Amino acid sequence: MSKKQFIKRHHLIVNKLRKKPSSFDEIQDYLKIQSELEEENYEMEIRTFQRDLKEIASLYSIEIEYNRSSKVYEIIQDVNEINNDRLVESFELFNALSLTENLSKYIILEKRRPMGTENMFGILHAIKNRFIIQFLHEKFWDVDQDKKTRIVHPLALKESKYRWYLVALDEKDNRIKSFALDRISNVVISQKKFQYPDSYNPEIAFQNSFGIINDGTPAQKIVLSFTFEQGKYIKSLPMHLSQKIIIDNEKELRIELFLQPTYDFAMELLSIGKEVKVLEPKELQNKIIRRFEEALKRYKE
């Protein structure tokens, strides 16, 4: 069996047990069905299954144990569930892109700029070891497109809108900023150490942010009303962790959020257009109205 099959079998076992605790026979039946669907062989003996459980614990920090009273295997600990889900997604995408040429022509990829992930491992190494880094940075809005040298204290990596950002303290003005990985180059990791700020916690810093902008704007209650059709999408893919449903009927989906009404959040609302209406706060509602009026004015010029 190839390494790819081993990894896929691990993922199938975890996927089955995440849905519900299952006996070995139920897991075997599931693997048999998947084997037939994918024209692979994921079936195994109980001894192999026991070895797989140890490998799953070691590789993914997912602890699976046998419950003797109910006679099923169940996940008792999944430390990095979000990270593991992303690993599975990446693996499934890799599998899809590895199909024969006869099938790969049916996979249409977006043509986009590389995400800058080639620097991710080095930056994570610098974050872990508290090493100051230097790089060239190119701003989106610079007319002359000059790249500027930055010397920063790397604090975290954050994903937003299919882009990765380095959150770092810029030595130039001692402010914490975000730098898109696809806009930086010539990364140099120095051996010079920095002191990680005791008061800074990346998760807390961005818990009330919609995207990557954290400009100090106070978080507040925001109430939005969506059309019935758009509401289905918002329920399946919530806008923010704080999302609460207030009204859900055939006329509208009304939700409440608690976050910072920053520029990137306003842009998201504008992108939804007439399918959403800001009910609270009034300041954000007026801001969206002004943006639509400005857009209409441009079309009339």
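This short talk walks through a few local features of one predicted model.

Residues are numbered from 1 along each chain as its sequence is written. Because the model is predicted, local features need pLDDT of at least 70 and side-chain atom pairs count only at pLDDT 80 or more, while totals for chains, interfaces and linings use all residues; side-chain values use heavy atoms, with hydrogens and water left out.

Let's start with helix α1, which covers residues 3-19. Helices here are DSSP runs of H or I with at least four residues, strands are runs of E with at least two, and both are numbered from the N terminus. Gln 5 sits in α1. Is Gln 5 buried or exposed? Gln 5 is buried, at a relative accessible area of 14%. Buried means under 20%, exposed means over 50%, and partly exposed is in between, using a 1.4 Å probe and protein chains only. Leaving out residues up to four places away in sequence, Gln 5 touches Glu 40, Asn 41 and Tyr 42, where contact means heavy atoms within 4.5 Å. With Glu 40 there is also a side-chain to side-chain polar contact of 2.7 Å.

Now, how do α1 and α3 cross? Helix α3 spans residues 46-60, and the two axes come within 10 Å and cross at roughly 90°. That makes α1 roughly perpendicular to α3, a label for angles of 65 to 115 degrees; under 35 is roughly parallel, over 145 roughly antiparallel, and the rest oblique. Among the residues that meet are Ile 7 and Val 14 from α1, and Phe 49 and Leu 59 from α3.

Next stop, helix α9, residues 263-272, where we find Asp 264. Asp 264 also counts as buried, at 15% relative accessibility. Its contacts, again skipping residues up to four places away, are Phe 210, Gly 211, Ile 212 and Ile 213. A polar atom of the Asp 264 side chain lies 3.5 Å from the backbone nitrogen of Gly 211, and the backbone nitrogen of Ile 213 lies 3.5 Å from a polar atom of that side chain.

Last, a pair of strands. β9 (residues 244-248) and β10 (residues 252-259) pair in the antiparallel sense over four bridges; pairing asks for at least two bridges found by DSSP. A hairpin through three residues joins β9 to β10. Which residue in β10 stands opposite Ile 247? That is Arg 254.

Conventions. Polar contact = N/O pair within 3.5 Å; in protein donor to acceptor, adjacent residues only side chain to side chain. Axes fitted to C-alpha atoms, helices over the stretch in contact; angles between N-to-C directions.
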